[in-house]
Amino acid sequence: MEFFIQQDYQDFKDDLLKLPHTQKMIAANEEISLTNQTYFIVSGRVVEILLLPDGEAHALVAYGPQTLFPPLFSASMPTKDELIFRFVQPSTLWCYDNTLLANYAEQHRTFAKQLNQSYLKHMNYYLNDISQLITSSGMQRLVTFLN
């Protein structure tokens, strides 16, 4: 399973541009938390990090251009641990309301299908690589990713 997810929404970039959104420029090392928004990465890279109650931080997945994060279906899921998103390079984002994207998906089957595929890709990654989260430090996972 890939650690780096990008271009899974490249076919929808023009459609997403037409939907109401705001554009944000984010500096490297900046962080954002889960909100009621989903972000389309125009350029840049962000890492999803799980912060555990004991203070440990675990990198889960990296997102690159032309993808949405967090996966739309998981954005409203409560968790006892905190998810944050740290930008590893300057990035340009389009910010969408989750409800807007969910309504758009109801009306556009190909977009809804891509949302499902992307969500399943994320869930497979989490399930298949949970042992890595349990047994490896964030630095070990970063070295594995870079190799």
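Helices (H or I, at least four residues) and strands (E, at least two) are DSSP runs, numbered from the N terminus. The structure is a predicted model, in which local features need pLDDT of at least 70 and side-chain atom pairs count only at pLDDT 80 or more, while totals for chains, interfaces and linings use all residues. Residues are numbered from 1 along each chain as its sequence is written, and side-chain values use heavy atoms, with hydrogens and water left out.

**Exercise 1. Describe the order of elements in the chain and the extent of its burial.**

Begin with the elements: the chain has 5 helices and 7 strands, and read along the sequence they follow the pattern β-α-β-β-β-β-β-β-α-α-α-α. Next comes burial, where buried means under 20% relative accessible area, exposed over 50%, and partly exposed in between (1.4 Å probe, protein chains only). Of the 147 residues of the chain, 42% count as buried. Finally, take the contacts, meaning heavy atoms within 4.5 Å: among those between residues at least 6 apart in sequence, 82% join residues at least 24 apart.

**Exercise 2. Locate Thr92 and Arg86, and state for each whether the residue is buried, partly exposed or exposed.**

Thr92 is found in strand β7, and because its relative accessibility is 11%, Thr92 counts as buried. Leaving out residues up to four places away in sequence, Thr92 touches Gln23, Lys24, Met25, Phe40, Ile41, Val42 and Ser43.

Arg86 also has its place in strand β7, which covers residues 82–97, but at 30% relative accessibility Arg86 counts as partly exposed. With residues up to four places away in sequence again set aside, the residues touched by Arg86 include Asn29, Glu30 and Arg45. From C-alpha to C-alpha, Arg86 and Arg45 are 8.7 Å apart in space, although 41 residues separate them in sequence.

The last step concerns a polar contact, which is a pair of N or O atoms within 3.5 Å; within protein, one must be able to donate a hydrogen and the other to accept it, and residues adjacent in sequence count only if both atoms are side-chain atoms. The side chain of Arg86 makes such a contact with the side chain of Glu31, at 2.4 Å.

**Exercise 3. Find the largest nonpolar core and name the elements that give two or more residues to this core.**

A nonpolar core is a set of buried Ala, Val, Leu, Ile, Met, Phe, Trp, Tyr and Cys residues joined through side-chain atoms within 4.5 Å. The largest one has 14 residues, and those with the most contacts inside it are Tyr9, Leu16, Phe40, Leu68, Tyr96, Leu101 and Phe111. The elements that give two or more residues to this core are β7, α2 (98–107) and α3 (109–128). Apart from this core lies another, of 13 residues, among them Ile26, Ile32, Tyr63 and Phe87.

**Exercise 4. Determine how the buried residues of α2 are arranged about its axis.**

First list them: the buried residues of α2 are Asn98, Leu101, Tyr104 and Ala105. Then look down the axis of α2, where these residues fall within an arc of 125° (an arc of the directions from the helix axis to the C-beta atoms), so they line one face of the helix. The face turned away from this buried side carries the exposed residues Glu106 and Gln107. At the start of α2, a side-chain oxygen of Asp97 reaches to within 3.0 Å of the backbone nitrogen of Thr99.

**Exercise 5. Characterise the aromatic pairs of Tyr9 with Phe111 and of Phe69 with Phe85.**

Rings of Phe, Tyr and Trp (its six-membered ring) pair if their centres lie within 6.5 Å; planes under 30 degrees apart count as stacked, over 60 as edge-to-face and the rest as tilted. By this rule the count comes to 9 aromatic pairs. Tyr9 and Phe111 form a tilted pair, with 5.9 Å centre to centre and 55° between the planes. Tyr9 lies in the loop between β1 (4–5) and α1 (13–18) and Phe111 in helix α3, so the pair ties together parts that are 102 residues apart in sequence. Tyr9 is buried at a relative accessible area of 2%, as is Phe111 at 1%.

Phe69 and Phe85 form a tilted pair as well, with 5.1 Å centre to centre and 50° between the planes. Phe69 lies in strand β6 (residues 68–69) and Phe85 in strand β7, so this pair ties together parts that are 16 residues apart in sequence. Tyr39, Tyr63, Phe69, Phe85 and Phe87 form one aromatic cluster. A cis peptide bond, with omega about -15°, joins Phe69 and Pro70.
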